[in-house]
Amino acid sequence: IIETTARRFGLDAIMKILAIADDDFEVGKIEGIRPDVLLTLGDLHDVTLSRAIDHYCPDVTFGVRGNHDVERPFPPGVIDLHCRVEEYGGLRFSGFAGSWKYKDQGHHMFEQDEVAAMLANHPPTDLFIAHNSPAGMHERDTNIHQGFRAFNAYIERCQPSWFLHGHQHCEDV
């Protein structure tokens, strides 16, 4: 859960943001919160996303798909942030779906140079979500869980206040 100050309705206010990713069994187990924004960082079944929206009742839900997700639009109520910017509560949200292309078949997988080209002119945002990590962050192996160098370049160039990712299944941050 992130609590950040946002400019809402002409006033500085605390915005509660809940991010979920990669583990269908944990969604809905956090009780007693009602986030303003629910973020899905990928690799969750659509039924899980719908259950999370029903459980947490956020004002808005943004998301990106992961490398294990299906190739179809999100269910109703989820706004896809892949390579686009949306504003809510005075904050700009953006994102990037998928992971490093570690196999020939599958969805939402990209080569390093593809990500660099797609993000070369991407505008600055306050909160950037991704399924994959920046290069060198939370990498667990040399094959599947490699981060994107273009994310590091984007962070350096645009300096988002927050960069959240899934995919790496980290217990410590």
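This is a predicted model: local features need pLDDT of at least 70, side-chain atom pairs count only at pLDDT 80 or more; totals for chains, interfaces and linings use all residues.
Cys83 sits in the loop between strand 5 (79-80) and strand 6. Its phi is positive, near 60°, although Cys83 is a residue other than glycine.

Most residues other than glycine have a negative phi. Cys57 also has a positive phi, about 50°, and is not a glycine. Cys57 belongs to the loop between helix 1 (46-56) and strand 4 (60-63). With a relative accessible area of 42%, Cys57 is partly exposed.

Strand 6 (residues 85-88) and strand 7 (residues 91-96) run antiparallel and are joined by 4 bridges. Tyr88 stands opposite Leu91 in strand 7.

The two strands form a hairpin, with 2 residues between them. Gly89 is in the turn and has a positive phi of about 60°.

Is His122 buried or exposed? His122 is buried, because its relative accessible area is 5%, which is under the 20% limit. The residue lies in the loop between helix 2 (112-119) and strand 10 (127-130).

Leaving aside residues up to four places away in sequence, His122 touches Cys83, Arg84, Val85, Ser94, Phe128, Tyr154, Arg157 and Cys158. With Ser94 there is a polar contact between the two side chains, at 2.4 Å. Cys158 is 36 residues from His122 in sequence, and their C-alpha atoms are 8.9 Å apart in space.

Notes. Residues are numbered from 1 along each chain as its sequence is written. Side-chain values use heavy atoms; hydrogens and water are left out. Buried means under 20% relative accessible area, exposed over 50%, partly exposed in between (1.4 Å probe, protein chains only). Contact means heavy atoms within 4.5 Å. A polar contact is a pair of N or O atoms within 3.5 Å; within protein, one must be able to donate a hydrogen and the other to accept it, and residues adjacent in sequence count only if both atoms are side-chain atoms. Two strands pair if DSSP finds at least two bridges between them.
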